[in-house]
Amino acid sequence: MTSSPAPIPGLTARDYKSEVKPVWCPGCGDFSVLSAITKALAELKLPPEKVSVISGIGCSSRMPAYLNSYGFHGVHGRAVALATGLKLSRPDLTVLVTGGDGDGFSIGGNHFLHACRRNVDMTYIVMDNQVYGMTKGQPSPTTAPDWDSALSPGGTGLRPFHPLVIALASGANFIARGFSGDPNGTARLIVDAIRTPGFSFVEVLSPCVTFREDQRGWKKIVRPAPVDPTEDIGRAARRLMTDDGFNLGILYTGKRKPYQLRLDAVEEEPAALETQFVV
Amino acid sequence: MSNPIAIGSVAELLAHAKAMESEALERYLDLAEQMEVHHNPEVAELFRKMARVERKHVEKILERVGDKDLPHIPPWEYQWLGEEAAEAIASEDVHYLMTPHHALTLALGAERRAFGFYARVVETVEPGELLELARELMEEEREHVALIEAWLAKVPEPADDWAEDPDPPLLQE
């Protein structure tokens, strides 16, 4: 983080939850991600009023409503853009972005690339369930090509988007993968992501039990990555070449300086600029 | 993920006990809310009842803690045998059409995990105050297991078609 608010002692994970009851389907992995986020915030002892959670559209984008912090439930795919503006204008805030694979990698894909490239200090948590759940089960950019459904008979046949590869190639400063079935391990990743300056990307495999019943089996497939995090982009890239999507942990931590607004470069007040325009 | 158990002090064990009961309480409250939202009042009430029981367990642990200082343990450094606090039902194990039998079966599994956790501690610590406390906590969990088993025996098993929803969440057509 570029600045650290004074921690508040004695806050528990419960203190970061709002009174709003989640409407996610029972069994949804997003409940555990909510738990992981609240545990991470409690561990960091961040004052709730110094945290802002920004989202787009989708099941997981409901997250800000369920947290007792500031939040903004924005428009589809634009959460990272909103968060960028917020962080640049309020660098004192801890900014989290939450959303799903459809929101973040399809309509929001271009923002994702450039957020990694800009490296503004924020943490982007994508709950990846490889499906558009809210709109009832369409394939998303991370859906396997052979996933057969009424909407994509025989599968899409399309190569899935690999979020970690894109994040690494585009310049994200922290890249990790968690699993909702391990909320404590995911909380640790989120803590590390928030503590790492710059753009941090955490993909969390979060099963959709309604439209992807098969994902209940993920808990038998995921495993801790067999190697430690690396600061070497080339090594991280080589690891991703053999990644099957179920290795958990931190892949990469970089040392790139976060982008910050150069307020000293702004010579004129916004009001002065108005004279250049006919109103 | 799961770690070998290496608890070295009474305060550390009490910190685990407090976290275990508190997380179980929170989880039961969360699950009760989920069932209310999804129009399953019978199971919601059962989860609320379990939450009331867990609240008593939390109070009992807090009495044991008294004015002792407990160590701060980050969530991922608790030495649970699985991914979460031993007595918390995993969020992903529930279903919106689940029956009281399912709920109690999950609760029984949670109590058995709690028993198993203390049993492992008993196996691994040296004789002394810590071992005595671990034994007491293990015996309490054994009682909880017996209570849930007795309760479960009185509840009818679910029908074969319990998960059939006459108005299911359909794929868009």
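This is a predicted model: local features need pLDDT of at least 70, side-chain atom pairs count only at pLDDT 80 or more; totals for chains, interfaces and linings use all residues.
Helices here are DSSP runs of H or I with at least four residues, and strands are runs of E with at least two, both numbered from the N terminus. With that settled, I looked at chain B and found four helices and zero strands. Along the sequence, chain B reads α-α-α-α.

Residues are numbered from 1 along each chain as its sequence is written, and chains are lettered from A and ligands numbered from 1 in the order in which they are written.

**Chain B, overall.** I took the C-alpha trace of chain B along its principal axes and got spans of about 60 × 35 × 30 Å. Of its 173 residues, 37% are buried (20 or more other C-beta atoms within 10 Å of a residue's own, with C-beta atoms placed from the backbone). I then turned to contacts, meaning C-beta atoms, placed from the backbone, within 7 Å. Among those in chain B between residues at least 6 apart in sequence, 77% join residues at least 24 apart.

**Where the chains meet.** I counted 30 residues from chain A and 23 residues from chain B in the contact. The chain B side divides into 11 nonpolar, five polar and seven charged residues (nonpolar is Ala, Val, Leu, Ile, Met, Phe, Trp, Tyr, Cys and Pro; charged is Asp, Glu, Lys and Arg; the others, Gly among them, are polar).

**N173(A).** Next I went to the loop between α5 (163-170) and β5 (174-179) of chain A, the place of N173(A). N173(A) counts as buried because 22 other C-beta atoms lie within 10 Å. Beyond four places in sequence, its contacts include N119(A), F199(A) and R256(A).

**Strands of chain A.** I followed β5(A) to its antiparallel partner β8(A) (residues 247-253), joined by four bridges; strands pair if DSSP finds at least two bridges between them. One of the bridge pairs is R177(A) with G249(A). β7(A) (residues 223-224) runs parallel to β8(A), with two bridges, and there R223(A) partners N247(A).

**Cores.** Which residues touch the most other members of the largest nonpolar core? They are V97(A), I125(A), I175(A), I190(A) and F201(A), in a core of 70 residues. Such a core is a set of buried Ala, Val, Leu, Ile, Met, Phe, Trp, Tyr and Cys residues joined through C-beta atoms within 7 Å. Helix α1(A) (residues 30-44) gives this core its largest share, eight residues. A second, separate core of 40 residues includes L13(B) and M50(B).

Technical notes:
A residue is buried if 20 or more other C-beta atoms lie within 10 Å of its own, exposed if 12 or fewer, and partly exposed in between; C-beta atoms are placed from the backbone. Two residues are in contact if their C-beta atoms, placed from the backbone, lie within 7 Å.
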